[in-house]
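Subject: Structure handover and findings

Hello,

Here is the structure for you to work with. Please open it alongside this note.

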Amino acid sequence: MSAARRQMWPLYAAGFTTAFGAHAIAANLGGFSDEAVTSLLVLGGLLALYDGAEVLLKPVFGSLADRIGARPVLLGGLVAFAAASAVYVIADSPGWLWAARLGQGAAASAFSPAASALVARLNPAAKHGRAFGSYGFYKSIGYTLGPLLGGLIVWAGGLRLLFTVLAVLGAAVALWALLAVPVVAPLPKTRQTVLDLARRLTAPAFLGPTAALAAATAALSVGVGFLPVTGRAAGLGTIATGAAVSVLALCAALVQPRAGRALDDGRLTVRTGMIVGLSVTAIGLVAAVLPGLAGVLAGAALIGVGTGLITPLGFAALAASTPAERLGQTMGSAELGRELGDAGGPLLVAGVAVLTTLNWGFATLAALIAVGAMFAFTRGRSPRIVGPGA
């Protein structure tokens, strides 16, 4: 294995850790923690803590990574994730569950954008598609295994065992990163005013990819959350609906490395890939309204393919249009956009469903993705990607 590959594996593991940690606990809080989760309101609060911390802190830690270097922020975040997980293992009380969940979210807010920035810094621009495709692949594997493996762990030893596994995982990845990820010194920066930052974050080169990433994350979250509801309404069992969600995550995982390679090899451009990805995602949401297993599986597969196409292209485009010394800030801000999509997509679909039906909720999000995000991306010029596909 080459030295460059050895440097990347801990970053892939960090992506897996944040995805697995988020979904493993979220999928099992309601069913296996009766003492801590006493109502749907409490469950909602516990679920929101993780995402809420990420929304508030990812841009902050992204900027910190630019100032002191991404590696210290990566290592500190992973150590903090392990420590926050250990809090509940040691205390084992409902109150400390809230503290542990908040701590995990805050820690993920540090190491997630730092890992993305390092993926960009440690790879030449001509290989950014491959690098972000592989990073997204392992993150999707974390999303896929989280509910399944997390449920098995909780079944075997309760919620404390799951937090123990996460504590060990965070510590192991931190040690791995300490040994394998090189020191990447922060680059000198020109002074940036608040107005300069606002201009950069409202430029088409940032807004287009970020809007597409937010749309993809919204569709992914809606698919994971609401396709099982559609399946149950059609008389499908939990095995069938669970398999459909796994199909969604698996398709997203398999497509991302291929999309990244196609970008680097010049077989795909950012703009074309984004338009196709957004269109396929919208079609998948429309397909979800079809009756029975066919609609659930078609919706899951198409949403997975569409979001898998968008994700590596979006991050590669952001890396290409961002000065190297501002990568952490850009990645943290882009992750904020994704978190807003993650929360806003289900809220939108649920709100429309309350007033009409779930099918209209799917259709509304499909329309917004097909029109709004695509328009936001295609208004500006595509960022220049250095390499064969330039």
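Below are the ground rules, then the findings by topic.

**Ground rules**

This is a predicted model, so local features need pLDDT of at least 70 and side-chain atom pairs count only at pLDDT 80 or more, while totals for chains, interfaces and linings use all residues. Residues are numbered from 1 along each chain as its sequence is written, and side-chain values use heavy atoms, with hydrogens and water left out.

**Overall make-up**

The protein has 13 helices and zero strands. Helices (H or I, at least four residues) and strands (E, at least two) are DSSP runs, numbered from the N terminus. Along the sequence the pattern reads α-α-α-α-α-α-α-α-α-α-α-α-α. The protein has 390 residues, and 51% of them count as buried. Buried means under 20% relative accessible area, exposed means over 50%, and partly exposed is in between (1.4 Å probe, protein chains only).

**Salt bridges**

A salt bridge here is a side-chain nitrogen of Lys or Arg within 4 Å of a carboxyl oxygen of Asp or Glu. The count by this rule is three. Which residues do the salt bridges link in a network? They are Arg130, Asp264, Asp265 and Arg267.

Take the pairs in turn.

- Arg130 and Asp264 form a salt bridge, with the closest N and O atoms 3.4 Å apart. Arg130 is in helix H6 and Asp264 in helix H9 (residues 238–264), so this pair ties together parts that are 134 residues apart in sequence.
- Arg130 also meets Asp265 in a salt bridge, at 2.7 Å from N to O. Asp265 sits in the loop between H9 and helix H10 (270–287), so its pairing with Arg130 in helix H6 ties together parts 135 residues apart in sequence.
- Asp265 meets Arg267 in a salt bridge, at 3.4 Å from N to O.

Asp264 is buried, at 3% relative accessibility. Arg130 is partly exposed at 30%, and Asp265 is partly exposed at 36%. Arg267 is exposed, with a relative accessible area of 59%.

**Helix packing**

Axes are lines fitted to C-alpha atoms, for helices over the stretch in contact, and angles run from 0 to 180 degrees between N-to-C directions. Angles under 35 degrees count as roughly parallel, over 145 as roughly antiparallel, 65 to 115 as roughly perpendicular and the rest as oblique. A crossing is left-handed if the near helix is turned anticlockwise from the far one by less than a right angle, and right-handed if clockwise.

Helix H8 (residues 204–233) and helix H12 (residues 327–355) have axes that come within 7 Å and cross at roughly 40°. H8 and H12 are therefore oblique to each other. The crossing of H8 past H12 is right-handed.

H10 and helix H11 (residues 292–321) have axes that come within 7 Å and cross at roughly 155°. That makes H10 roughly antiparallel to H11. H10 passes H11 in a left-handed crossing.

Helix H5 (residues 94–121) and H6 have axes that come within 13 Å and cross at roughly 160°. H5 is thus roughly antiparallel to H6. The crossing of H5 past H6 is right-handed.

**Nonpolar patch**

Which residues make the nonpolar surface patch? Leu145, Leu149, Leu152 and Trp155 make it, and its area is about 430 Å². Patches are made of residues with over 30% relative accessible area and no salt bridge; like charges are joined within 9 Å, and nonpolar side chains (Val, Leu, Ile, Met, Phe, Trp, Tyr) within 5 Å. Accessible areas come from the Shrake-Rupley method with a 1.4 Å probe; for residues, only the protein chains shown count as cover. Leu145 is placed in helix H6 (residues 128–180). Leu145 counts as partly exposed, at 33% relative accessibility.

**Two contacts across the sequence**

Arg71 lies in helix H4 (residues 70–91). Arg71 is buried, with a relative accessible area of 15%.

Arg5 lies in helix H1 (residues 3–26). Arg5 counts as partly exposed, at 39% relative accessibility. Arg5 and Asn123 are 118 residues apart in sequence, and 10.0 Å apart in space from C-alpha to C-alpha.

Best regards
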